[in-house]
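Student: I'm new to this one, and I'd like to learn how to read it. Could you walk me through it?

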Amino acid sequence: MPFLPRQEPFLCEHCGRSIEPLEHGSYRNHCPFCLYSKHVDDRGPGDRASGCGGLMPAVGLDQDGKKGWILIHRCERCGKEVRNKAAPDDELQNGVIDGENGKS
Ligand SMILES: [Zn+2]
Ligand SMILES: [Zn+2]
């Protein structure tokens, strides 16, 4: 299943929306609408070294003094957690965050 974490549009596998790349050279690896990411990277953004492929819902939000908002994604399949810089157009108020864990 093609998923290219590059400067190309892609379809979100969670909400099905078409995601446009960021314009300022920032690397976008998650959906700005539902904030889902996908587990394709192993060590760093864009290396695509992971064979997992699980969806990664945002499970937390952190604020970094220099970088701004940091989204914490956790893989549904293997449990790996990754911190990602939030994009300017991410809908952080979507209720996905707010400390609720969703299903139990
Ligand atoms: Zn989405
Ligand atoms: Zn995974």
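Tutor: Let's start with Asp90, found in the segment after strand S7 (81–85). Strands (E, at least two residues) and helices (H or I, at least four) are DSSP runs, numbered from the N terminus. Residues are numbered from 1 along each chain as its sequence is written, and chains are lettered from A and ligands numbered from 1 in the order in which they are written. This is a predicted model, where local features need pLDDT of at least 70 and side-chain atom pairs count only at pLDDT 80 or more, while totals for chains, interfaces and linings use all residues.

Student: Is Asp90 buried or exposed?

Tutor: The general idea is to count other C-beta atoms, placed from the backbone, within 10 Å of the residue's own: 20 or more is buried, 12 or fewer is exposed, and in between is partly exposed. Asp90 counts as buried because 20 other C-beta atoms lie within 10 Å. Over the 104 residues of the protein, 17% count as buried.

Student: Which residues is Asp90 in contact with, leaving aside its neighbours within four places in sequence?

Tutor: A contact here means that two C-beta atoms, placed from the backbone, lie within 7 Å. With those neighbours set aside, Asp90 touches Pro32 and Leu35 in that sense.

Student: In what order do the three strands of the open sheet come?

Tutor: For pairing, DSSP has to find at least two bridges between two strands. Here the order is S5-S6-S7, with antiparallel pairing. Strand S5 (58–64) and S7 are the edge strands, each pairing on one side only. On average, neighbouring strands of this sheet are turned by 25° against each other, direction ignored; the axes are lines fitted to C-alpha atoms (for helices, over the stretch in contact), and angles run from 0 to 180 degrees between N-to-C directions.

Student: How many bridges join S5 and S6?

Tutor: Six, in the antiparallel sense, and Asp62 stands opposite Ile70 in S6. These two strands make a hairpin with three residues between them. Strand S6 (residues 68–74) pairs with S7 over five bridges, again antiparallel. Ile72 has Arg83 in S7 as its bridge partner, and for Arg74 the partner in S7 is Glu81.

Student: Which residue takes a positive phi in the hairpin of S6 and S7?

Tutor: Gly79, with a phi near 85°, in a hairpin that has six residues between the strands.
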